[in-house]
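Here is a short report on one structure. Look through the sequence and the model, then read on.

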Amino acid sequence: MTSKETLLANTQSPVGASLLAKTTNQSPSSLNDTPHSRAGRNVAPSLPQVSGPTLDFTEVCLTLGRTTILDKVTFQVRPGSVHALVGPNGGGKSSLIKTLLGQMPHQGRLSLQWPGEPGTIGYVPQSLEFDRGLPMTVDDFMAAMCQRRPAFLGLSKHYAAAIGEALERVGMQDKRKRRMGALSGGERQRVLLAQGLIPPPQLLVLDEPMSALDEAGIQVFERLLVDWRAAGITVLWIEHDLEAVGRLADHVTGLNRRVLFDATPQQALTPDRLLTLFSTHPRSLA
Ligand SMILES: Nc1ncnc2c1ncn2[C@@H]1O[C@H](COP(=O)(O)OP(=O)(O)OP(=O)(O)O)[C@@H](O)[C@H]1O
Ligand SMILES: [Mg+2]
């Protein structure tokens, strides 16, 4: 099954356990709150169970017209890790994600290995193109993205609770009846994040999820990241905020048409490497 087929197949699947129940059950504090730890014994904390897949990009190439967008891109995203993808504008980050989701043609090999049955992929795109004048509320948008029943018939009972919980998690519960076109950039970004949570994904692909978020929005995102990590979800995260990457990612790949580094943030985010990544014009690498 291709990643696109997996994505489509899974967006049709029913919502399982509620989003909040899922993260509460698997939060680090509840994992550590065993009878042994409560009794004060010195027990190593339980490791979160990995539910996300391994991703392998092997010599992935993408050419559009005569322009090489991706040149033999090879790296691995480990299961249950938060893996950041950084690089300059036009470096091919969003294009790489689109090849993963089956939205762009590519050469080379892309593989997803799930720990069990193929799971759900959540995707938060870089931006949302839509007519600002559309009479589409936040609830309508969530319904269109998450449920099978047509959005104009309202929220289905099946999805209403999960949609409410997802909007609450991103702090948009009070703005469900607002028109999408009337939202601020940061509010729209929060709604994009919320739709990526339904159905609960095992792989999350995030294309600049923090852009336009204010301080409170960034805190919301960081809390979600803690929950995803605790749940063993694999997160592939495009980000320009290198300070946030250094603080929150397990691994980071520098992409400027080709892979320029692939290491831990401590190893990768050195002044020399960043200078190479951001000063090299993509077209000069031929
Ligand atoms: N459909 C397309 N047709 C032609 N060229 C495209 C297409 N989509 C993307 N490109 C080009 O591919 C290059 C990589 O674009 P991409 O959006 O992947 O970059 P990015 O790393 O995500 O940049 P940013 O940080 O600005 O989001 C750019 O030069 C862009 O103009
Ligand atoms: Mg992009």
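## Around the ligand

Ligand 1 is surrounded by Leu64, Ile69, Gly87, Asn89, Gly90, Gly91, Gly92, Lys93, Ser94, Ser95 and Gln126 (C-beta atom, placed from the backbone, within 6 Å of the molecule). By class, this shell has two nonpolar, eight polar and one charged residue. Ala, Val, Leu, Ile, Met, Phe, Trp, Tyr, Cys and Pro count as nonpolar, Asp, Glu, Lys and Arg as charged, and the others, Gly among them, as polar. Helix α5 (residues 93–100) gives the most to the shell, with three residues.

## Model and numbering

This is a predicted model: local features need pLDDT of at least 70, side-chain atom pairs count only at pLDDT 80 or more, and totals for chains, interfaces and linings use all residues. Residues are numbered from 1 along each chain as its sequence is written, while chains are lettered from A and ligands numbered from 1 in the order in which they are written.

## The chain

The protein chain has twelve helices and nine strands (DSSP runs, numbered from the N terminus: H or I of at least four residues for helices, E of at least two for strands). Of its 286 residues, 40% are buried (20 or more other C-beta atoms within 10 Å of their own, C-beta atoms being placed from the backbone).

## A helix pair

Helix α6 (residues 138–146) packs against helix α8 (residues 185–195) at an angle of about 30°, their axes 10 Å apart (axes are lines fitted to C-alpha atoms over the stretch in contact; angles run from 0 to 180 degrees between N-to-C directions). That makes α6 roughly parallel to α8 (under 35 degrees).

Note on methods: Angles under 35 degrees count as roughly parallel, over 145 as roughly antiparallel, 65 to 115 as roughly perpendicular and the rest as oblique. A residue is buried if 20 or more other C-beta atoms lie within 10 Å of its own, exposed if 12 or fewer, and partly exposed in between; C-beta atoms are placed from the backbone.
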